[in-house]
Amino acid sequence: MKSFILACCLFVAGLAHAAGVDPALVQQVNAFVDGWHDDAAHARMRYFDKMAPDGVYIGTDRTELWQRDAFREWGRKYFEGKQAAWVFHPTRRNVYATADGSLIWFDELLDTENMGHCMASGVIRRTPAGFEIVHYQLSLAVPNEVAKKVIEVVKVAESK
């Protein structure tokens, strides 16, 4: 059953991508996500308000799975009284959407100041008030050639 659901999701995603996304919507989404990243870069607490109340943020550490309000509380120490929290520079972003544009998903490559190259994906919901991030997942981009070394380093760190 799970395979069937996954196949259906991939089929719908393929249709949305194959049909193309309205360039105006892509421009709006890019402006919204770029603004979200800019809010973090300048430690503006409104960064968290751009997430849906039921939104989820998944960071790079396996303990980093937050609902929006818990994420806000955790992140407060990086934002309040600071000039910058974390700085992500998107270098590529792909945007996909349902036919009516009410649900949008994207993937992006990022250059970050503290973690080097990262990849992320997100889901955005359009509401009468505007866009809100429902789900965002950040991951380190590890070249395949060094993956085994990284896995060993992680194993050692997690065994402590």
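Modeller: His37 is buried, with a relative accessible area of 4%; buried means under 20% relative accessible area, exposed over 50%, and partly exposed in between, with a 1.4 Å probe and protein chains only. This is a predicted model, in which local features need pLDDT of at least 70 and side-chain atom pairs count only at pLDDT 80 or more, while totals for chains, interfaces and linings use all residues. Residues are numbered from 1 along each chain as its sequence is written, and side-chain values use heavy atoms, with hydrogens and water left out.

Colleague: Where is His37 found, and which residues does His37 touch?

Modeller: Helices (H or I, at least four residues) and strands (E, at least two) are DSSP runs, numbered from the N terminus. His37 belongs to helix α2. A contact means heavy atoms within 4.5 Å. Leaving aside residues up to four places away in sequence, His37 touches Trp86, Phe88, Pro90, Arg93, Glu108, Leu110 and Tyr136.

Colleague: With which residue does Arg93 form a salt bridge?

Modeller: Side chains of opposite charge can pair when their charged atoms come close. The rule for a salt bridge is a side-chain nitrogen of Lys or Arg within 4 Å of a carboxyl oxygen of Asp or Glu. Arg93 pairs in this way with Asp34, the closest N and O atoms being 2.9 Å apart. This pair links distant parts of the chain, with Arg93 in strand β3 (residues 88-97) and Asp34 in helix α2 (residues 23-41), 59 residues apart. Arg93 counts as buried at 16% relative accessibility, whereas Asp34, at 37%, counts as partly exposed.

Colleague: Which parts does the salt bridge of Arg72 and Asp49 tie together?

Modeller: The closest N and O atoms of Arg72 and Asp49 are 2.9 Å apart in their salt bridge. Arg72 lies in helix α4 (residues 68-79) and Asp49 in helix α3 (residues 46-49), so the pair ties together parts that are 23 residues apart in sequence. Arg72 is buried, at 15% relative accessibility.

Colleague: How many residues apart are Arg76 and Glu73?

Modeller: Arg76 and Glu73 both lie in helix α4, three residues apart, about one turn of the helix. Their side chains meet in a salt bridge (2.8 Å, N to O). Arg76 counts as partly exposed, at 26% relative accessibility.

Colleague: How many salt bridges does the rule give?

Modeller: The count comes to 16 salt bridges.
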